[in-house]
Amino acid sequence: MSNMNTQALTQLVVDALEDMKGNDIVTIDVTGQTSVTDMLVVASGTSNRHVRSLAENVIEKAKDADQRPLGSEGQDSGEWVLVDLGVVVVHCFLPETREFYDLESLWDRRPGDDVAAED
């Protein structure tokens with residue numbers, strides 16, 4: 001596996017999602033918040049098939065760059081497909097599933113944030 005840095009791998013993922021017309025692509029830097037990964041990339045698809053296609057394109061582009069995914073899950077349902085690239089983890093969702101799990105809000109929280117101040 002080549003030693004692609006986190007920023008370059010994140011850009012590869014974003015480009016792969018944009019190539020397949022992924023919607024509402026968001027990157028979330030979780031460095032220091034978890035030992036599992038450094039960056040989350042979240043995107044929405046318009047249908048189960050589109051969600052699966054987004055994830056498949058990420059996997060294909062990563063492999064082309066000699067970045068073998070550590071794993072992927074969710075291709076069967078296509079509601080939420082996760083692609084683990086190590087330092088970058090990709091979440092492709094149907095919009096309603098993305099809204100339900102709301103990863104952006106979950107990971108945007110920092111220890112010590114004043115939750116009570118959010119009305």
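**Close-up views of a predicted model**

**View 1. An aromatic cluster.** Trp80, Phe93, Phe100 and Tyr101 come together as one aromatic cluster. Keep in mind, as you look around, that this is a predicted model. Across the structure there are three aromatic pairs, and two of them are shown in the next views.

View 2. Trp80 is partly exposed, at a relative accessible area of 26%. Tyr101 is partly exposed too, and its relative accessible area is 41%.

**View 3. Thr97 in helix α3.** Stay with helix α3 to find Thr97. Is Thr97 buried or exposed? Thr97 has a relative accessibility of 10%, below the 20% cut-off, so it counts as buried. Setting aside neighbours within four places in sequence, Thr97 is in contact with Glu79 and Trp80. That brings us back to Trp80, a member of the aromatic cluster in View 1.

**View 4. The largest nonpolar core.** This core has 22 residues. Which residues have the most contacts inside it? They are Val13, Leu17, Val58, Leu85, Val88 and Val90. Several elements give two or more residues to this core: α1 (6-19), β2 (39-44), α2 (48-64), β4 and β5 (88-93).

**View 5. Val58 and its contacts.** Zoom in on Val58, one of the residues with the most contacts inside the largest core. Leaving out neighbours within four places in sequence, its contacts are Val13, Ala16, Leu17, Val83, Leu85 and Val90.

**View 6. A second core.** A separate core can also be found, made of seven residues. Among them are Ile28, Leu40, Val89 and Leu103.

Key: Residues numbered from 1 in each chain as written. Predicted model: local features only at pLDDT ≥ 70, side-chain atom pairs only at ≥ 80, totals over all residues. Heavy atoms only, no water. Phe/Tyr/Trp six-rings, centres within 6.5 Å; stacked < 30°, edge-to-face > 60°. Buried < 20%, exposed > 50% of the residue type's maximum accessible area, 1.4 Å probe, protein only. Core = buried A, V, L, I, M, F, W, Y, C linked by side-chain atoms within 4.5 Å. Helix = DSSP H or I, 4+ residues; strand = E, 2+ residues; numbered from the N terminus. Contact = heavy atoms within 4.5 Å.
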